[in-house]
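Here are a few notes to go with the model below. Have it open while you read.

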Amino acid sequence: YVSQTDQEQTTRDDDLEHRLSPEYLQYLQRLRFVTASASKFSQSACSICLSDFEEGTHLVRLPCNHDFHTECIYKWLSCSAACPICKHDLEKTLVC
């Protein structure tokens with residue numbers, strides 16, 4: 001018998017093993033949001049914080065072509081190696 005507390009701890013430990021290794025961060029595409037070229041962006045708001053992208057905002061584009069505020073996605077990737085939208089596993093496509 002595994003108690004729910006033990007199971008929750010195992011899940012948290014598994015999640016930590018699946019965070020993106022810091023050395024992969026340098027391979028992520030960095031962009032600046034420009035309203036005039038908004039059609040080049042996959043969305044107009046960050047799916048993590050839900051705030052609209054503003055002119056000149058620093059973004060990161062993941063290999064699956066989803067865009068996020070730099071600080072939002074870095075925080076996310078410190079906990080998970082998957083895109084928060086499509087669950088694409090970044091470690092399988094980023095090359096160190």
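1. Contacts first. In the protein chain, 47% of the contacts with a separation of 6 or more are between residues 24 or more positions apart; contact here means heavy atoms within 4.5 Å. Keep in mind that this is a predicted model, where local features need pLDDT of at least 70, side-chain atom pairs count only at pLDDT 80 or more, and totals for chains, interfaces and linings use all residues. Residues are numbered from 1 along each chain as its sequence is written, and side-chain values use heavy atoms, with hydrogens and water left out.

2. The layout. You'll find 2 helices and 3 strands in the protein chain, and reading along the sequence gives α-β-β-β-α. Helices (H or I, at least four residues) and strands (E, at least two) are DSSP runs, numbered from the N terminus.

3. Of the 96 residues in the protein chain, 32% are buried, where buried means under 20% relative accessible area with a 1.4 Å probe, protein chains only. The chain exposes about 6400 Å², and carbon and sulfur atoms supply 51% of that; the areas come from the Shrake-Rupley method with a 1.4 Å probe.

4. The core. Which residues have the most contacts inside the largest nonpolar core? They are Leu20 and Leu62, in a core of 20 residues. (A nonpolar core is a set of buried Ala, Val, Leu, Ile, Met, Phe, Trp, Tyr and Cys residues joined through side-chain atoms within 4.5 Å.) Strand S2 and helix H2 (70-77) are the elements that give two or more residues to this core, and H2 has the largest share, with 3 residues. Leaving aside residues up to four places away in sequence, Leu62 touches Leu28, Phe68, Ile73, Cys83, Pro84 and Leu90.

5. Leu25. This one sits in the loop between helix H1 (4-17) and S1. With residues up to four places away in sequence not counted, Leu25 touches Leu20, Arg30, Tyr74 and Leu77.

6. The aromatic pair. There is 1 in the structure; rings of Phe, Tyr and Trp (its six-membered ring) pair if their centres lie within 6.5 Å, with planes under 30 degrees apart counted as stacked, over 60 as edge-to-face and the rest as tilted. Phe33 and Phe53 have ring centres 5.6 Å apart and planes at 45 degrees, so the pair is tilted. Both residues lie in the loop between S1 (29-32) and S2 (58-61), so the pair ties together parts 20 residues apart in sequence. Phe33 is buried at 6% relative accessible area, and Phe53 counts as buried at 6% too.

Notes: Buried means under 20% relative accessible area, exposed over 50%, partly exposed in between (1.4 Å probe, protein chains only).
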